[in-house]
Structure formats: C-alpha cells, structure tokens
Amino acid sequence: MVRKKKILIVEDNELNRSLLSDILSDEYQVLEAENGRKALDILEQNKDSVALVLLDVMMPVMDGYTFLQRIRDDAELSLIPVIVTTQSDSEADEVNALIHGATDFVPKPYRPQVILHRVASLIKLRETAAMVNQFQYDRLTGLYSKEFFYQKVRERLLEEPEQDYCIVCSNIENFKLLNDIFGAQEGDRLLKEIAAIAQKMVGSTGFCGRFTADRFLALQKREQELRDRQNFGYLGEQRVSPVMKNVVMRWGIYEITDRSISVEQMCDRALLAADSIRGQYNQYFAVYDDSLRRRLLKEKAITDAIETALNEKQFVIYFQPQYGVNDACMTGAEALVRWNHPEWGFMSPGEFVPLLERNGFISRLDQYIWEQTCIILQDWRDKGYPLLPVSVNVSRADVYQLNLVEILLKLIQKYDIAPEYLHLEITESTYAKNPEQIICTVDQLRKLGFIVEMDDFGSEYSSLNMLSQMELDILKLDMKFIRNEMEKPEERSILKDIISMVHRIGMSVVAEGVETREQMERVKAFGCDYVQGYYLARPMTAPEFGELLKKQIWEGAFDDHIAVV
Ligand code: C2E
Ligand code: CA
Ligand code: CA
C-alpha cells in the first residue's frame, strides 16, 4: 500500500477545516490545527513528512503571517510549500500572502478541483527541487557538492577572466581515526564546524564545497587567500570540538595560473599540495608549484620502483666499521642501505628512506636488508673470517606493524647466526611514542639474546626518562649532539653527565659521525666506548669490509688507527 503524503490544514473555522479535509482526504493524510502555534507544534513533530501546508491568515493566538515568518526562519521548515487561503478576489490579500513567503494562494469559497490541482503540482515541484538540491548541496554541511562546486568554479572563471583566483583545499589529519575513537556523531559535528570555518574564510567573494568526507574545497580571490595565509597556522591546530582537542588541519593551495587545465585538475593540485605536508610538524599550508609537482612525481616513481628494485636486487648494503675508543680495535659495523638504480644511479638512503617511512614500504625494505645482512654474515663465517656483530636499522613502522620478534628469530635460525651478532638500532623517536609496546618488544628481543641500541640519541626528543623505564644495551649519540657540544662549550657538562648516567645503568655509548681528530679526542675524554665516523672509516661495500675482517686474522689490532687516536 502506498503511504499517503501528509498535508497540514491550519484554519480556526471548524467548518472550513472539515470542508478542506473532505476535499483532500481521499488522496492525502490530513493533519489539522486551529491556530499557528498548534500548527508549529505539529510541524515540529512531522518535519520530514509534511508535504504541504494550507494556511488561513486570520486566526487567534498566532495569525497566519506570524506563522509564515516562523517557518521561513527555520532552515528545514522553510522548504515546505505553503498555500494561503484568501478572501475571494482580494488582490491585497494575495499580494500580502506572497510577500510573507507563501508559495501560492487559493481564494475562498473553495473550489475542490482547483485546490487539488494546485496542491498536487506544488508538491511535485518541491520534490523536484529537493532532488536538484540534493545534487547541488552536501546534506551534512550545506556546502556545495563536489560536482556543483566544479560547475560553479567553471562559471566564475568564465565570468571573471581577469581576476586572479586560487583553489584552497583543506584536509583534517587522521580524520578516520578521530571518527573511530570519538564516534560518527562527534565526527559530523567536527565536519560542520570546519565547514563553517571554511565558509567564513572565503566570505562573500568566494564559495566552498565538500570534496570527500573530510576534505573541503574553496574558490577564493587571490588577495583574500594571501591574507588568509597568516591564519592557516592558527587554523592548523584548532580546538574546534570540545571533545577532540588539537585537530590538525592542512591546507593546500593551487593558484590558478593555467586556465586551460580542467577544474578537476586544479582541485587535484590543491589536494596534492595539502597531502604533501601530511604529518609534518608545524607546517600547515603548502602551495602547489612545479617543484612540488616534480617532487611528488619523483616520490611516486620511487614508490612504484620499489617492488622491481627488491626483485632485481638493486639495493646494496654498505658497512661502516665501529671501533673501540681506547684501543682502536674494530668492534662491529652498521649496515646501511644504498639504492643502485639502473636509470637514476646511486642513491643514498636520505633520498628514499623518509618517503618509505611515510608510506609504510620501509618494512619491506628493512626485512630485505636484515636477511641480506644475515646472508653476508653467514658467508663470512663460512670463509672463516673472525665475525663481528653488525647493527641493522629498525624503523618505527617495523616495531608497530611487524611481528618483529618472530621475524628476527626465524631469520637467525634460518642462517644459523647467534643473536648477539645482529644488533638492532631503533631510533630514539620510536621510544617516545607508545612506550608500552616498544618496552614489551625490546624486552622479548633482549631475552632472546639480541642486542638493542637506541639510535640517534639527542637528535629530536629527549628520551632520558625512557632509559630509566626500560633496559637497553647501547646508546648511539647522534652526530648533531657531538657538533652542538663542540659549538656550545656550556653544553659539555650535560654530555658528560649523560654518558656517566648511561654507564651507571649498564649501557655502552657509541659516538656517531666523528669526523675530526678534535672530535675524536673529545668523545674519548667524555668516556664514550665506541666511535663510528668518517674520521676512522666511511661506509664500504661488503667485499671491502670482508677484507678488513680478514686482516684481523693476520694483523690483530689496527695499528694505523691507534696512531691517530
Ligand atoms: P643513521 O642510522 O643515523 O646512520 C648513520 C648515517 O650517518 C649514515 O648515513 C652514515 O653514512 C652517516 N655517517 C657516518 N659517519 C659520518 C660522519 O662522520 N659524518 C657524516 N656527515 N655522516 C656520517 P646514510 O648511510 O646516508 O644513512 C642515513 C640514514 O638512513 C640512517 O641514519 C638511517 O636512518 C637511514 N638508513 C640507512 N639504511 C637504512 C636501512 O637499512 N633501514 C632503515 N630503516 N633506515 C636506514
Ligand atoms: Ca642507524
Ligand atoms: Ca644514527
């Protein structure tokens, strides 16, 4: 059975009410109210279902015009068409009704066919309008829909060929996660707030649209956008929602310089710019330009090339020796990846590791490097070289995404390597986030016999308190720390204190990036145990490092290095 549409009759005269009800009730479900106030109550409860209102003007309690005013002030109610019943042929009444926002009028006495006809056609008109509306506007925020935004931009650019415009796109960082933690209702509230901010930002000279769940687009005049840039930092970390504190937003800007490209492409460029700064501290907006485009293309090319590079063994491991500070004996090495690409040539990890860390591919590469390192260690052992431990790098993503303990255990079993020959360098920043998980993983690894090192100490966070919460074996002082110490003598005592504290809790200290004799003497004076740096040796290929190991058999300690220390 088809459900009848609802019509509300607002009329104080009972006879008129029942006359109208008789005319309409065959085709519609009729609701009745004898004054404006009652009618408002009924509408409030049937907001979504009342298809039309038939309204008398002269009524006690609340007259028809006041009623009309009220519903026109309400965003949702104002969409319901209202037919006013007027005294016959009173032009003044008719005009007055239309001025007050009525959609149409019918004169008294009632003519059933005219009324039925007008009611039906108004309902149909409204439904069509609602459909168009749905296509043009985003339901949640009231902003333009994506398609309608594109269309509006096209029109505006044609209308104003001389005006400089830009597309600004905003993106909420980790929106899916926020939605998941705080629930969809809070998520919706956040989106509405952000839509309001975007709307306020563009003012009356531009307009906004919603691109996807948490991405908004705006067309702004160039000068307006330049003024807004000062605000982007402020808008970056908003306390827009009382529940979600410090929501981080990134803004991407495309200055429309080339009108020959499609509006879709213009928007994509703004979106790309916003994405390019994802996760970056203190950077809230990025402008799309050719260098960004080149960088993004290069990053994409790198990501696309990883699979082939792994299959074709384009990654090579270099070994940088480490030495004891006091006797200059070689004590081990760090395994460092290099990418020998057939077209791009030799690439240092700085060119691809940070990108792979961002997109999660690093774990694939790291596992490959760990395995290759085990293969090389096995080869040296089979050749009878005296083995030294090799440190491999473990990224933050590895700790959180992989079953690290199982993977590493399987590896050393497969290649029959004792765990103490594989040192694991986990960068300092990993310890700062989610301490429980890292403490637990490190604990298990150490119980199995792996040696765990804290890499890059002093480069970013200060994890001194982490050191008291968990047991580690070795601390690697970042080279920046050594440099700073050289430049700011007042910090020397800090470094000395840190080293003696680290010793007290049973850890050894490796100084990284030692480049000069002066630095070498200083780290020695501070009580560092090991050094790694260009002053003693640069990273070298596996055969070159193998030669050094071989030399150990014949020459024992390295006299040449004792001389320089
Ligand atoms: P890191 O782990 O701190 O490695 C030490 C870096 O310092 C290496 O750069 C090394 O060549 C460089 N270095 C050593 N001594 C000196 C010196 O005296 N002066 C200067 N200026 N630099 C020195 P490299 O090989 O370019 O690696 C850079 C970073 O890339 C590494 O920093 C590490 O974070 C990352 N990385 C390298 N290999 C891997 C890998 O297999 N996996 C992961 N996840 N990251 C890797
Ligand atoms: Ca390292
Ligand atoms: Ca390091």
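This talk walks through one predicted model, from its sheets and helices to its nonpolar cores and its calcium sites.

A word on conventions. Residues are numbered from 1 along each chain as its sequence is written, while chains are lettered from A and ligands numbered from 1 in the order in which they are written. Because the model is predicted, local features need pLDDT of at least 70 and side-chain atom pairs count only at pLDDT 80 or more, whereas totals for chains, interfaces and linings use all residues; side-chain values use heavy atoms, with hydrogens and water left out.

I begin with the parallel sheet. Helices (H or I, at least four residues) and strands (E, at least two) are DSSP runs, numbered from the N terminus. Two strands are said to pair if DSSP finds at least two bridges between them. An open sheet of 5 strands has the order E2-E1-E3-E4-E5, with parallel pairing. Strand E2 (28-33) and strand E5 (104-107) stand at its edges with a single partner strand each, so one side of each has no neighbour in the sheet. From one strand to the next, the twist averages 25°; axes here are lines fitted to C-alpha atoms, for helices over the stretch in contact, and angles run from 0 to 180 degrees between N-to-C directions.

Within this sheet, strand E1 (residues 5-10) and strand E3 (residues 50-56) pair in the parallel sense over 5 bridges. Val10 has Leu55 in E3 as its bridge partner. Helix H3 (residues 64-73) lies across E3 and strand E4 (82-86), running at about 150° to E3. Contact, in this talk, means heavy atoms within 4.5 Å.

Buried means under 20% relative accessible area, exposed over 50%, and partly exposed in between, with a 1.4 Å probe and protein chains only. In E6, 8 of the 8 residues are buried, so the strand is largely enclosed by the rest of the structure. Tyr165, Ile167, Cys169 and Asn171 point one way from E6, and Cys166, Val168, Ser170 and Ile172 point the other way. In general, side chains of a regular strand alternate between the two faces of the sheet. E6 runs antiparallel to E8, joined by 7 bridges, and Cys166 stands opposite Gln220 in E8. E6 is also antiparallel to strand E10 (residues 247-255), again over 7 bridges, with Ile167 and Tyr254 as bridge partners.

Helix H6 comes next. Its 14 residues (146-159) should span 20 Å at 1.5 Å a residue, and the end C-alpha atoms are 20 Å apart, which agrees; the expected span is 1.5 Å times one less than the number of residues. Phe148, Phe149, Tyr150, Val153, Arg156 and Leu157 are the buried residues of H6. Their cover includes helix H5 (112-136), strand E6 (165-172), strand E7 (207-212), strand E8 (215-221) and helix H10 (263-276).

Now the cores. A nonpolar core is a set of buried Ala, Val, Leu, Ile, Met, Phe, Trp, Tyr and Cys residues joined through side-chain atoms within 4.5 Å. The largest has 84 residues, of which Phe315, Phe319, Phe352, Trp380, Tyr431 and Leu477 touch the most other members. Helix H13 (residues 362-382) gives the most to this core, with 9 residues. Apart from it lies another core, of 28 residues, among them Phe149, Val153, Leu157 and Phe211.

Finally, the calcium ions. Donors are N, O and S atoms within 2.8 Å of the metal (3.2 Å for Na, K and Ca); water is not among the atoms, so sites may look incomplete.

Which residue bridges the calcium ion (ligand 3) and the calcium ion (ligand 2)? Asp455 does, and the two ions lie 3.8 Å apart. At 5% relative accessibility, Asp455 counts as buried, and Glu425 is buried as well.
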